[in-house]
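Subject: Handing over the two-chain model

Hi,

Here is the structure I promised to pass on. Have a look at it first, and then read my notes below.

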Amino acid sequence: MAFFHDHILSILLVIPLVGMVPLFFISGENKQAVRWWGNIVLFLDFLASLPLVFWFSSESPNQQFKFIELHQWIPSIGAQYHLGIDGISFLMIMLTTVLGFIAVLSSWNAIHDRVKEYYAMFLLLQVGMLGVFMSLDVFLFYVFWEVMLVPMYFIIGVWGGPRKLYAAIKFFLYTLAGSVLMLLGILTLYLNYTLPNGGHTFDLIELMKHTDSWPLEMQIWVFAAFAIGFAIKVPMFPFHTWLPDAHVEAPTAGSVILAGVLLKMGTYGFLRFSLPLLPQASTNPKVVKVMVYLSLIAIIYGALVSLMQKDMKKLIAYSSVSHLGFCTLGIFALNPHGLQGSVIQQINHGISTGALFLIVGLIYERRHTREIKELGGLSNVMPVYAALFMIVMLSSIGLPLLNGFIGEFTILQGAYEASWHWAAVAVVGIVLGAAYMLWLYQRTMFGPCENPKNQILKDLNFREVMTLVPLVLWAFWIGLYPKPFFNVLDKPVTAIVEQLNPNFFKAPQTKKEAPGIPGGAQAGLRATSKAGGAGR
Amino acid sequence: MLDYIWLIPVFPVAGAAIQFLFGRRLSKSAVNVVSVGLPGVSFLWAVGCFFQFLGLPEAYHHVFLRPLYTWLPAGAFHLSNGMLGNLNVGVGMQLDPLSCVMMLVVTGVGFLIHVYSTGYMAHEGGYYRFFGYLNLFMFSMLVLVLADNYLMMFVGWEGVGLCSYLLIGFYFQRKAASDAGKKAFVVNRIGDAGFLLAVMLMTVTFGSLDFQRITDLARDPHFHVSDGVIFAICILLFVGATGKSAQIPLYVWLPDAMEGPTPVSALIHAATMVTAGVYMVARSNALYALSPRALAWVAAIGASTAIWAALIGLVQNDIKRVLAYSTVSQLGYMFLACGVGAFGAGVFHLMTHAFFKALLFLCSGSVIHALAGEQDMRNMGALKSKIPVTYMTMLIAALAISGIPPLAGFFSKDEILWDAFAGPYGHPLLWGVGWITAGLTAFYMFRLIFMTFWGKSRVPHDVEHHIHESPKSMLTPLVTLAVLSLIGGFIGWPKSLGGGEWFGKFLDPVFEGNPVVSVQEFGRNLEYALMILSVLTALVGIAIAFRMYVQRPGLGDRVAAASPALYHVFLNKCYIDEIYDALFVNRVKNLGSILAAIDLGVVDGGVNLVGWATRMSAEISRLWDTWVIDGLVNVMAFIVKLLSYPAKIVQTGVVQNYAWFITLGVLLFMVYFFSPIHRLLAIFAR
């Protein structure tokens, strides 16, 4: 157990990697065996990640990063195998293991060609994604970042729709262009920091200690290089156009992972690298302005464009642009509310949009179309599907007691604290969000079911329901009781804010509210003293 | 019981969960037991809590708080005054006189409407679904009124909006119904955006979202906050209220909401949900008291909405639409009351209105039920003897809403009108608008009564012999609500008429510290005069309706024909929907289309252009490479080849030729070596 505990991150990485090996020995003809194996491996990976939930909060509370594993890798250039997680990456890892399994589970009936290669690609993808969220060494991070690119390229390019090659190449080249710039930024930092022994290092923790000595101008250049790389990945306006193409062409599981996890790597990059490594650039008013304005444009623009889409997947893809706009807005509010809200909204987006792509995939498997006008009145024939779609839609438009509200509200609150104008603009996105999602739902689910092709549709089977149920439960959990998520994020967010603005927490404190309020269910009858003016 | 006050919303939500998970497999009676029984338990629990609350010792200062758990521990932030705050939003319940009233109205009227629905919806498909939504609504509404902070109130606020959306669109196969549901949700969202901004502004201003904390700070003379901020908070909150409570300019969704089943209109769009805005403004009275400017807006919007909706209601022919506009108008009254600083009067009218308007809707449902779905009053008439219970109860409700003493509406409406005149922020103009509206109200209500129940029958023959009184499950709630409409007003019996104003006194602790009407300033006689005037105007309204629709049935049409343009403008709801569509909805859609085109053409076009440029440069490189770089190589080769041609001539491969060449060479060499040429050359070389 101690070994498992100490090496849990490596084990999470190794399970899918080793899981690829037996695939080579299973005959490609035996599709059921391949499917079972792929599902088992990723389910095991999910199971292996569960202990983290219990260990995380009790693990060395004073350390910023936990479950650290550190080995030399290429000593000549100072690259290390350095893994470790904080609250942000912990949540991302859980999102990845859950969505990874669900995505694979959802492909059971969807993929019939090259099944073996398909599952191998998903296992490899899992390694890349987990690695990105675990790396504390910038070089290692870059390696995982690129590793993840390859399987996704094949998933879109081999198992995709009619324009799959265009979409796959666009996805690959666009992301690669960004990551090359990012590499330049990484090398700049690498070369501008000399260890006492004269060597250089890619170690993130080491580099973070040194940020003061980097001049502002250099920081801004490096920030720009990072920002383009991450902005393409997020994607932020105007770097978003690969996303609709990739989503439309990718198979369902590919879309789920793409929206659910891959996009978060961009926002994660901002949180893990841009902000802590380049605090002066990140707080530079001009830089903040650019990033915030791009986020606000993305929120409104993504919502407006998705309002008029005719293809369900495209609509959801553009809604992602809008939702991710909220996430980046939260990041560049640069205060605890904005940052916490942003991370929670990233998880929320993974849950809601992942589920939305599953929803679209389920109908695509049945009807082989995603055209909104081809559908209509589906709730007559598929009531269970309609009910689940309804919940997922409500979570996506941020209905309170579901997950989306928690993230959006916290982000908006953070943005408001930074500048009320930002919140006032972003709030329009919430109105538009309701408009395009409700309209989508109305056009596909409500009305009479007139198309004979739709009248014969079968409702969801058990496996299909089970792909959605965990996400729905998670959505309710965050909506009803988000406290554990805020608790996990408190520390890393505080660390980032302190790095950015050391005086933030030194402001005079307001008078504490009456103790124990609201502090759990311990309070029963209680007198309030109005006369004193202290109230609760 | 008070300790478990949170069970009040939990009962109905449990009902909803049971319906959604197992409803399809339950029998109709099982659905009834669960979904009518649980709200019933909730009502009893609320009554129990109410009495226990009344019995609390004075030390509790009329507020009972029951925090449950920490919901949103968002953590540290900077207040607008630079202090470091800690946002920690909890889930908790607050019971004070105001929420007591709301809780009892919601559970009581709600329960009656659940009972009614078992009869009304008996033959509809999706029975369990209907009750699931209805129970979910009860939950949300109770969360809204029992919440102890603004964010939790917002939870209920959005929750009731969702249920309203689901229930308006209950007949989802009809496009009009799903359109109306969507419209309700989106228009409400616009208001909610205002509410959310207000919440954020309150967070940075007060550092907390708890009602008690904010109220205390607002009333604390040592706590300084600028007028502009308070004004902004109040107006943003009011934007939320205009959405939820259907005030100008966001009232447009409510008339369309009549697409929902009639019990829904009674519960959500008359008695409870639409009054949430009034409740919220009353709940924020401490803030509004700081900003007379904001109050003036509230009063102005309330008064304008009251008269505007009443005018549209005058000419509508759909029985439910008349009631819908009437609701908008009456909500305007409530805001008028709040706007002149008479929050208690607004809440009083909220309560009496819940009785008689729910009754009116339920009666109209009974009429529609009797006529097999007919809603157009032009196809009704002479129903009073055929469905007498419905007629009597509806008559009581109409008298109550018209403000005829001593029915419930008289007391509450009169209190509002008096406060509009004499209240701390009152104005004779506001009173005038309210007074005219009272006359209009009486007119359109009795127009409805006369067109539906009096005169000659205009019911088609095939429907006529099916007309039947509704079942007991529907009539019992009607009678109960009729009794409440008859006597419900007495709890607010004004002092001027020898009463005790018990209702107002009960609510006083909530509104303490706000300016109140001073009777001395105006005197009792004026109060009596206004009272008589408002009864008179109601009587005049009824008389005109009687003349137009009973004595001279054609008169209404002749009046309409006299000014056809005006009539049509109001008949078509002043084309507000069309104007909004043209100004906003279609503009947003156009903008979306344009941006989608730009996205494809310019933004993605740019990306593709880069791709194309890369490919072109590759192509140019290929051409350069083929023709220039490789061309040079080829040219070189060509030259070599060219030069090789002479050599090629001798390379014949025939041995004899080579022997011949060798011989020739040897001969030449010998000639050279032995001839004088050799020596001559040697001389030159020197």
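A quick word on confidence before the rest: pLDDT is the predictor's confidence in each residue, on a scale from 0 to 100. What you have is a predicted model, in which local features need pLDDT of at least 70 and side-chain atom pairs count only at pLDDT 80 or more, while totals for chains, interfaces and linings use all residues. Residues are numbered from 1 along each chain as its sequence is written, and chains are lettered from A, with ligands numbered from 1, in the order in which they are written.

Chain A has a mean pLDDT of 89, with 95% of its residues at 70 or more. The stretch to treat with care is 514–536 of chain A, where the pLDDT is below 50; beyond near neighbours in sequence, it still has 41 contacts in the model. (Two residues are in contact if their C-beta atoms, placed from the backbone, lie within 7 Å.) For chain B the mean is 90, and 99% of the residues reach 70 or more. The model as a whole scores ipTM 0.89 and pTM 0.90.

Now chain A. You'll find 22 helices and two strands in it; helices (H or I, at least four residues) and strands (E, at least two) are DSSP runs, numbered from the N terminus. Its radius of gyration is 23 Å, close to the 24 Å that the globule rule gives for 536 residues, so chain A is as compact as a globular protein of that length. That radius is taken over C-alpha atoms, and the rule is 2.2 Å times the number of residues to the power 0.38. The C-alpha trace of chain A spans about 70 × 70 × 45 Å along its principal axes.

Take helix α14 of chain A, residues 312–333: 22 of its 22 residues are buried, so α14(A) is largely enclosed by the rest of the structure. Just after α14(A) comes Leu334(A), with a positive phi of about 60°. Helix α4(A) is another one to look at, with 20 of 20 residues buried.

Chain B has 28 helices and two strands. Its radius of gyration is 41 Å, whereas a compact globule of 686 residues would have one near 26 Å. Its C-alpha trace spans about 165 × 70 × 55 Å along the principal axes. Buried residues make up 53% of chain B.

How do the chains meet? On the chain B side, 63 residues are in contact with 62 residues of chain A. Elements that each supply at least two residues to that side of chain B include β1, β2, α5 and α26. The most comes from α6(B), with 13 residues. By class, that side has 32 nonpolar, 19 polar and 12 charged residues. (Ala, Val, Leu, Ile, Met, Phe, Trp, Tyr, Cys and Pro count as nonpolar, Asp, Glu, Lys and Arg as charged, and the others, Gly among them, as polar.)

Lastly, the largest nonpolar core has 423 residues, and Leu329(A) and Ala397(B) are among those with the most contacts inside it. Such a core is a set of buried Ala, Val, Leu, Ile, Met, Phe, Trp, Tyr and Cys residues joined through C-beta atoms within 7 Å. Beyond four places in sequence, the contacts of Ala397(B) include Phe356(B), Leu359(B) and Ala482(B).

Cheers

Definitions and conventions
Buried ≥ 20, exposed ≤ 12 C-beta atoms within 10 Å, placed from the backbone.
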